[in-house]
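Take a walk through this structure.

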Amino acid sequence: MTWAPRQAQVLRLLRAHRFMDAVQVHRVIYEPVSLRSCQRCLTLLHHQGLLVRVQPSRGGLGGGSSGYVYGLSAKGADVLEAIDDAPRRQIPYVKDPETFTPERVWHQLDVNRCFIALWRALEAVDGHELVRWNSDPHLRMRYQLAGRYQVIHPDGLAQVRSPIGDDWLFFEIDRGTNELRRYRTKVGRYARFWDSGAWRSEFPVFPELRIVTSRQSRVPRLVHAAEAGIRGLYHLDSRAVSQALRVAVAWAPAFLADPLGPVWEPTFSEVPIRQNLWRDPQREKRVESGVW
């Protein structure tokens, strides 16, 4: 069977991001073509058995419902294996529709919203681009520490290219349902990963950690939990760790509205982070002078 380019793009997109709704697929692949055309393609692929779909009952960081959410089926994975000559074991798909739960779906949609917002914002800045974005299930990093295997599992990983080099970011998405102590544990795992040095086989520099939360009231508490996670590694100098492992928290609506803006609250305030991420200096001068 011959596959239209956009049909193959949809399958590859869902391979990379696991779940997406029609609005997200449209923004990444179809714009400026109409949303209706995107929905027709998704419906066709579903009827052909290449996609599974579910209609969640509640919203994520952006709120509301966007209709059906789609994922790659086993048959869709078979098609990708054929058209891309890709190892079948490296193509994740929805094995059991019962696992297509609202909690898992909305969490992934929230990750996608961050990716799309950052990607679109960088498009407007000359010389900058989002050259890599990975999300679950492609981000399980195993390494050895003291003879035992450890796992780092970010929700997202971004590589941003600019004229002065590449920046790397880990993302964690907080939907306000997890206990804060879980983030103390998570940040402690990142600190151990940094301390192990195993990250050097993956990254030229250790990625900065960005936590995006759906609840504004949780921002200062997440900052405190992250600091506690770093201080909890008593054999390490917490200041030295914080200089290398830079962590910041943002309220989701502020981040989604201005992904490159000063929306981040850093841990260890004496340690600088890039508050104005990849801002265009010429744009800043125009803003200051009032000339656009």
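Two residues separate β7 and β8, which form a hairpin. Strands here are DSSP runs of E with at least two residues, and helices are runs of H or I with at least four, numbered from the N terminus. The model is predicted, so to speak of local features takes pLDDT of at least 70 and side-chain atom pairs count only at pLDDT 80 or more, while totals for chains, interfaces and linings use all residues. Residues are numbered from 1 along each chain as its sequence is written, and side-chain values use heavy atoms, without hydrogens and water.

Pairing takes at least two bridges found by DSSP. A158 faces L169 of β8.

β7 has another partner. Strand β4 (residues 129-135) runs antiparallel to β7, joined by six bridges. There, R132 is opposite Q159 of β7.

Strand β7 (residues 156-162) is largely enclosed by the rest of the structure, because six of its seven residues are buried (under 20% relative accessible area, 1.4 Å probe, protein chains only).

Now to the pocket. The largest pocket holds about 480 Å³ of space. A pocket is an open set of points on a 1 Å grid over the protein atoms alone, where a 1.4 Å probe fits, with protein on both sides within 12 Å along at least five of seven lines; lining residues have an atom within 4 Å of a point. The volume is the space filled by probe spheres set on the points, which are joined across faces, edges and corners. Of its 23 lining residues, H107, D155, E172, R182 and K186 are closest to the centre. α5, β6, β8 and α6 each give two or more residues to the lining.

Methods. Buried means under 20% relative accessible area, exposed over 50%, partly exposed in between (1.4 Å probe, protein chains only).
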